[in-house]
Amino acid sequence: MTELSLPARAYLLACDTRRDRLPDRERVALLVRAAALTDLVLRGLITDADGRPAANGTGGTGHLVLDDLLAEVAADPHRKWRAWVRRGARGTLQSLEAQLAAAGVVSLRTSRVLGVFPRRHPVVRDSATAAGLHEEVASALRSEGAVSPEVAALTALAAAVELKAVLPRAERRRAKARIARLEEQAGAAVPALRKVIREVNAARTASIAAASGGGGGGG
């Protein structure tokens, strides 16, 4: 693996290096998928075409996750950005983890939920790299000056996915205007990610209400 791709940076940013775990695999999978789309936008390999990503090239990034996604987009130009954020997100996350493990960036250990269901836990080999990404995001929010497109995109993605350990709600509210400006540099995958996260939040709220009996009708 050459330099860290944007989805790899997003993954490391989301890792809880103190507990060696991901706080929410579903959200991180969506984050990684949206980051891969955004990376391709920043490289000029996909553009927005009437609310849909359109491929401008094929392969050649040096990152298997990106090249696979670019091939998918080229083969199916009719899906909207939100559909691409959701589609294949879990597989993209697993592929990225395997590549990071092969490159020695992380180690993966497996535990079992209820003694049956396997769950992967990443151990970041270089915690300074993850800490540096946190600092880049924090600095991008504090500053009013220009930042690189990659840092702008990483910050906007972190805000959209609502990972509390990275950007608490109060911080997102305080820096709302700054986040909006950074998002303008990132492209259409970021607002699509935000829409998907709202859908995920709504589904979880409905599930909790149903489990607690809050969804019952009146008498």
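α9 (176–184) is one of the elements lining the largest pocket, and α9 gives the most to that lining, with 4 residues. Helices such as this one are DSSP runs (H or I, at least four residues), and strands are E runs of at least two, numbered from the N terminus. The model is predicted: local features need pLDDT of at least 70, side-chain atom pairs count only at pLDDT 80 or more, and totals for chains, interfaces and linings use all residues. Residues are numbered from 1 along each chain, and side-chain values use heavy atoms, without hydrogens and water.

A pocket is an open set of points on a 1 Å grid where a 1.4 Å probe fits, with protein on both sides within 12 Å along at least five of seven lines; lining residues have an atom within 4 Å of a point. A volume is the space filled by probe spheres set on the points.

| Largest | about 570 Å³ | 18 residues |

Ala-159, Ala-160, Glu-162, Arg-169 and Arg-172 lie closest to the centre of the largest pocket. Its lining divides into 6 nonpolar, 1 polar and 11 charged residues. Here Ala, Val, Leu, Ile, Met, Phe, Trp, Tyr, Cys and Pro are nonpolar; Asp, Glu, Lys and Arg are charged; the others are polar.

In the second largest pocket, α2, α5 (89–102) and β4 (117–124) each supply at least two lining residues.

Helix α2 (residues 25–42) also packs against helix α1 (residues 6–14), at an angle of about 150° and with axes 7 Å apart. Therefore α1 is roughly antiparallel to α2 (angles over 145 degrees count as such).

How values were computed
Axes fitted to C-alpha atoms, helices over the stretch in contact; angles between N-to-C directions. Parallel < 35°, antiparallel > 145°, perpendicular 65-115°, else oblique.
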